[in-house]
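Please look through the sequence and the model together before reading on. The report below takes up a pocket and then the packing of helices.

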Amino acid sequence: MNRQRMDIAIVGGGMVGLAQAALLAVRHPQLQIALLEAASEQPPVPADHYDPRVVALTQSSHELLEEVGAWESFGGERACPYTEMRVWDAEGTGSVRFNSRDVRLPNLGHIAENSVVVAALRRRLEALPNVELVDGFRLESWWRDCGLWHLQPRSDRVNVIEGLEENGEILRTRLLIGADGARSRVRDLLRIRARETVYNQTALVCVARCEKSHQHTAWQRFLKTGPLAFLPLAGLGDENHCAVVWSADRELARELVMLDDNAFALNLEKAFESRLGNVEEVGERFSFPLRARHAESYYGPGAVLIGDAAHSIHPLAGQGVNLGLQDVSVLSEEIARALKRGLEPADPSVLARYQRRRRGDNAATLKAMSTFKSLFGAGDLHWRWLRNTGLSMVDASPLLKKRIILRAMAV
Ligand SMILES: Cc1cc2nc3c(=O)[nH]c(=O)nc-3n(C[C@H](O)[C@H](O)[C@H](O)COP(=O)(O)OP(=O)(O)OC[C@H]3O[C@@H](n4cnc5c(N)ncnc54)[C@H](O)[C@@H]3O)c2cc1C
């Protein structure tokens with residue numbers, strides 16, 4: 001492979017960028033694809049404990065990972081199918097239960113650890129002859145000349161990337177895909193602005209071992225200070241471990257981070273109404289400030305944004321990666337369509353079609369998450385009544401439930 005000149009270069013080796021590289025490579029063996037990742041090495045998948053950063057993968061995401069050949073290496077073991085989802089309001093009696101039986105499916109989705117999915121995708125890419133996986137390449141600057149992007153990594157890395165030219169003039173590509181996460185360098189270099197909503201909340205994530213089995217259920221309790229989720233984990237021999245995502249107002253989150261493990265476990269158990277008995281053990285805690293961002297445009301000349309580089313949302317519905325994988329699917333379809341018609345994948349009409357198909361959908365989800373967040377954060381009596389009545393009405397209507405489940409699973 002001519003490593004200096006590619007058809008497509010993807011910047012960012014998170015789940016979305018890796019999936020994009022794999023899908024394009026599998027569907028178009030004639031394309032030369034580079035995946036550029038800033039980190040020089042990936043942390044190994046822990047064999048004796050769970051990674052606290054997880055994703056809830058929908059059926060569409062599952063199918064995509066299956067198509068690229070990544071699912072089979074972890075799906076049966078380290079992805080936990082969940083058959084039920086229970087949501088309830090801390091300030092009232094409203095609650096709703098969604099069950100996979102409502103839609104006659106074996107499950108509603110799978111919870112998988114980020115590092116497990118990333119490792120499976122990387123293994124797959126390493127086996128594909130038309131993909132070059134370049135670690136330690138943090139895109140810093142670029143220029144465009146005769147329809148080609150010239151990509152340059154951060155200067156202190158240039159000489160240590162094996163096989164790349166030493167003068168710093170690095171990699172040329174016809175199409176550049178920015179999958180470099182919420183603080184995207186590609187988006188900045190394209191001078192695309194992103195609208196930002198700061199939630200004044202922090203998400204704490206950790207793994208908790210509970211007294212009772214998680215029952216293959218995704219649990220979410222809406223507290224006034226933010227949603228608290230317990231997501232079932234599988235793969236290490238029991239059904240008592242859950243990934244906890246606790247979104248809390250900043251002040252509360254700061255206090256929770258400072259607590260020792262025992263005190264934190266007690267607070268967690270109380271906030272979760274001991275639904276799974278005692279919280280017996282908690283793992284290391286990580287915190288992420290929460291904000292939503294939406295790029296004003298998804299493309300520039302010869303370059304396009306996918307995943308969190310284009311949109312990042314509140315994790316309350318666990319849809320971030322799923323939306324990113326939808327981008328992957330749609331962009332792949334548009335590239336296939338362009339190739340069939342003899343068009344360049346970087347043709348502006350191709351990128352505009354991708355944007356038309358994805359931006360509205362993502363905007364609607366972002367809006368829904370913000371509305372949801374405001375509705376559940378409101379302490380006012382009328383709002384409390386409204387949301388409790390709403391939850392109970394949904395719970396009492398099998399048709400409405402079915403529609404909600406099918407809509408959520410299609411993402
Ligand atoms: C607390 C929390 C809980 C969440 N829970 C869920 C959930 O349950 N379900 C769900 O679907 N989503 C969830 N999400 C969201 C989900 O994690 C993100 O949507 C997802 O990780 C985005 O994937 P990505 O590949 O687009 O970006 P990222 O995962 O951010 O990957 C970006 C990659 O680009 C690399 N990079 C960055 N800059 C450069 C550069 N200049 N050059 C080269 N490489 C670069 C980075 O090293 C990184 O590997 C959650 C998020 C948070 C914060």
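Which strands each supply at least two residues of the lining of the second largest pocket? In this predicted model, they are strand 12, which covers residues 194-210, and strand 16, which covers residues 279-282. Strand 12 gives the most to this lining, with 3 residues.

The second largest pocket has a volume of about 310 Å³, and of the 17 residues that line it, the closest to its centre are His49, Tyr50, Val207, Gly283 and Glu284. When the lining of the second largest pocket is divided by class, 8 of its residues are nonpolar, 3 are polar and 6 are charged.

The second topic is the packing of helices. Two packed helices are described by the angle between their axes and by the distance between those axes. The table gives both values for two pairs.

| Pair | Angle between axes | Distance between axes |
|---|---|---|
| Helix 2 (59-67) and helix 8 (320-340) | about 50° | 9 Å |
| Helix 1 (15-27) and helix 8 | roughly 30° | within 9 Å |

Helix 2 packs against helix 8 at an angle of about 50°, and therefore helix 2 is oblique to helix 8. The crossing of helix 2 and helix 8 is left-handed, and the contact is made by Ser60, Ser61 and Leu64 on the side of helix 2, together with Asn322, Leu325, Gln326, Val328 and Ser329 on the side of helix 8. By class, this contact of helix 2 with helix 8 has 3 nonpolar and 5 polar residues, and no charged ones.

Helix 1 and helix 8 cross at roughly 30°, and because angles under 35 degrees count as roughly parallel, helix 1 is described as roughly parallel to helix 8. The crossing of helix 1 and helix 8 is right-handed. Helix 1 brings Met15, Val16, Ala19, Gln20, Leu23, Leu24 and Arg27 to the contact, where they meet residues of helix 8 including Val321, Gly324, Leu325, Asp327, Val328 and Ser329. The residues of the contact of helix 1 with helix 8 divide into 10 nonpolar, 4 polar and 3 charged.

Note on methods. Residues numbered from 1 in each chain as written. Predicted model: local features only at pLDDT ≥ 70, side-chain atom pairs only at ≥ 80, totals over all residues. Heavy atoms only, no water. 1 Å grid on protein atoms, 1.4 Å probe; cavity = no way out; pocket = protein on both sides within 12 Å on 5 of 7 lines; lining within 4 Å. Points joined across faces, edges and corners; volume = space filled by probe spheres on them. Helix = DSSP H or I, 4+ residues; strand = E, 2+ residues; numbered from the N terminus. Nonpolar A, V, L, I, M, F, W, Y, C, P; charged D, E, K, R; others polar. Axes fitted to C-alpha atoms, helices over the stretch in contact; angles between N-to-C directions. Parallel < 35°, antiparallel > 145°, perpendicular 65-115°, else oblique. Left-handed = near helix turned anticlockwise from the far one by under 90°. Contact = heavy atoms within 4.5 Å.
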